[in-house]
Amino acid sequence: MALPSADRKALVAGGTGRVGSAIVERLRAEGWQVLAAGSADGDLRTRAGAARLVERARAELGSLDLVVHCAGAGFIPSSLAEVTEESWDEAMDVTAKGTFFLAQAAAPDLRATRGLLVIVEDVASFQAWTSFPAHSAAKAAQAMLTRVLARALAPEARVCGIAPGPVAVEPGQEERRAAETLLGRVGSPEDVADAVVYLTGAGYVTGTTLVVDGGRLLQTGHLRRP
Ligand SMILES: NC(=O)c1ccc[n+]([C@@H]2O[C@H](COP(=O)([O-])OP(=O)(O)OC[C@H]3O[C@@H](n4cnc5c(N)ncnc54)[C@H](OP(=O)(O)O)[C@@H]3O)[C@@H](O)[C@H]2O)c1
């Protein structure tokens with residue numbers, strides 16, 4: 001991806017959110033042209049919505065060197081018994097289905113530019129959170145898609161995941177979430193943006209997930225059964 005910075009074009013789905021807006025800001029600071037998309041720009045719960053979003057990006061930017069899936073919904077704690085069909089679909093649709101159909105729609109563009117798809121996962125992709133059963137399942141699906149899509153789009157395009165730990169936590173939760181990490185502090189959306197920028201330049205990296213979690217995956221002492 002050795003393009004002059006002014007020629008590099010990115011679509012960030014979820015670019016209006018807490019993590020996504022930091023990615024957008026960082027890419028723009030690095031000279032990228034970016035379409036920062038929210039739910040009104042294309043509903044990632046449907047194949048047609050994902051296709052519309054990519055069409056719009058094509059129309060506005062002309063080509064795509066980078067697509068980031070950073071959209072999310074349905075991150076609501078619930079026990080096994082509390083999960084409904086609606087809450088299951090809410091957690092799965094934007095995350096798992098949305099990742100797949102965004103990739104399907106953008107695949108020709110990314111192949112043409114030898115570009116990169118980045119999927120923002122979660123440490124829940126790798127950890128069984130009993131308080132977030134549907135979210136954990138959706139994130140595990142995303143992590144598998146990182147690998148499936150990397151094989152499907154190779155050798156022309158690369159696909160990588162980023163699994164953040166607590167980087168944008170609810171107000172008042174900082175201390176508790178910090179204690180869940182080895183580093184003893186929460187991160188920031190900018191930590192995820194750093195990882196995106198790294199991956200854009202890491203031309204020999206594909207099919208893998210970069211964990212950006214302050215050691216959250218290794219800090220198992222706090223995990224309890226609910
Ligand atoms: N926050 C964290 O600490 C953390 C930790 C680990 C992983 N993550 C992951 O990072 C990603 C972003 O999280 P966040 O905290 O930034 O979330 P957020 O602030 O709630 O932002 C969610 C984004 O998704 C978009 N979105 C929601 N429903 C959509 C739909 N149906 N179609 C298209 N876009 C839709 C939103 O658009 P609108 O603005 O239009 O609603 C918004 O841009 C998620 O995948 C999340 O699991 C976050």
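Q: How do the residues of the shell around the ligand divide by type?
A: This is a predicted model. In it, the shell around the ligand has 13 nonpolar, seven polar and four charged residues.

Q: Which residues are the closest to the ligand?
A: G17, V19, G38, A71 and G72 are the closest of the 24 residues that surround it.

Q: And where does the largest share of that shell come from?
A: From helix α1, residues 18-29, which supplies three residues.

Q: Switching to the core. Which residues have the most contacts inside the largest nonpolar core?
A: V12, I23, V68, L117, V118 and V192, in a core of 64 residues. Helix α3 gives the most to this core, with nine residues.

Q: What does L117 touch?
A: Leaving out residues up to four places away in sequence, L117 touches V67, A103, A106, L110, L149, A157 and V159.

Q: Back to α3. How many residues does it have, and how far does it reach?
A: α3 covers residues 85-113, so to speak 29 residues, and spans 39 Å from its first C-alpha to its last. That is close to the 42 Å expected at 1.5 Å a residue.

Q: Where does α3 bend?
A: At A106, by about 50°. A proline, P108, follows within four residues.

Q: What comes just after α3?
A: R114, with a positive phi of about 55°. R114 is in the loop between α3 and β4, residues 116-120. Most residues other than glycine have a negative phi.

Q: Is R114 buried, exposed or partly exposed?
A: R114 counts as partly exposed, because 14 C-beta neighbours lie inside 10 Å.

Q: What about R158, buried or exposed?
A: R158 is buried, because 26 other C-beta atoms lie within 10 Å; the cut-off for buried is 20 or more.

Q: Where is R158, and what is it in contact with?
A: R158 is in strand β5, residues 158-164. Apart from neighbours within four places in sequence, R158 is in contact with L116, A150, V205 and T206.

Q: How far is R158 from W88?
A: Their C-alpha atoms are separated by 30 Å, and the two residues are 70 residues apart along the chain.

Q: Last one: which peptide bond is cis?
A: The bond from A154 to P155 is cis, with omega near 5°. P155 is in the loop between α4, residues 133-153, and β5. Most peptide bonds are trans.

Notes:
Residues numbered from 1 in each chain as written. Predicted model: local features only at pLDDT ≥ 70, side-chain atom pairs only at ≥ 80, totals over all residues. Helix = DSSP H or I, 4+ residues; strand = E, 2+ residues; numbered from the N terminus. Expected span 1.5 Å × (residues − 1). Bend = angle between axes of the 7 residues up to and from the residue. Near = placed C-beta within 6 Å. Nonpolar A, V, L, I, M, F, W, Y, C, P; charged D, E, K, R; others polar. Core = buried A, V, L, I, M, F, W, Y, C linked by C-beta atoms within 7 Å. Buried ≥ 20, exposed ≤ 12 C-beta atoms within 10 Å, placed from the backbone. Contact = placed C-beta atoms within 7 Å.
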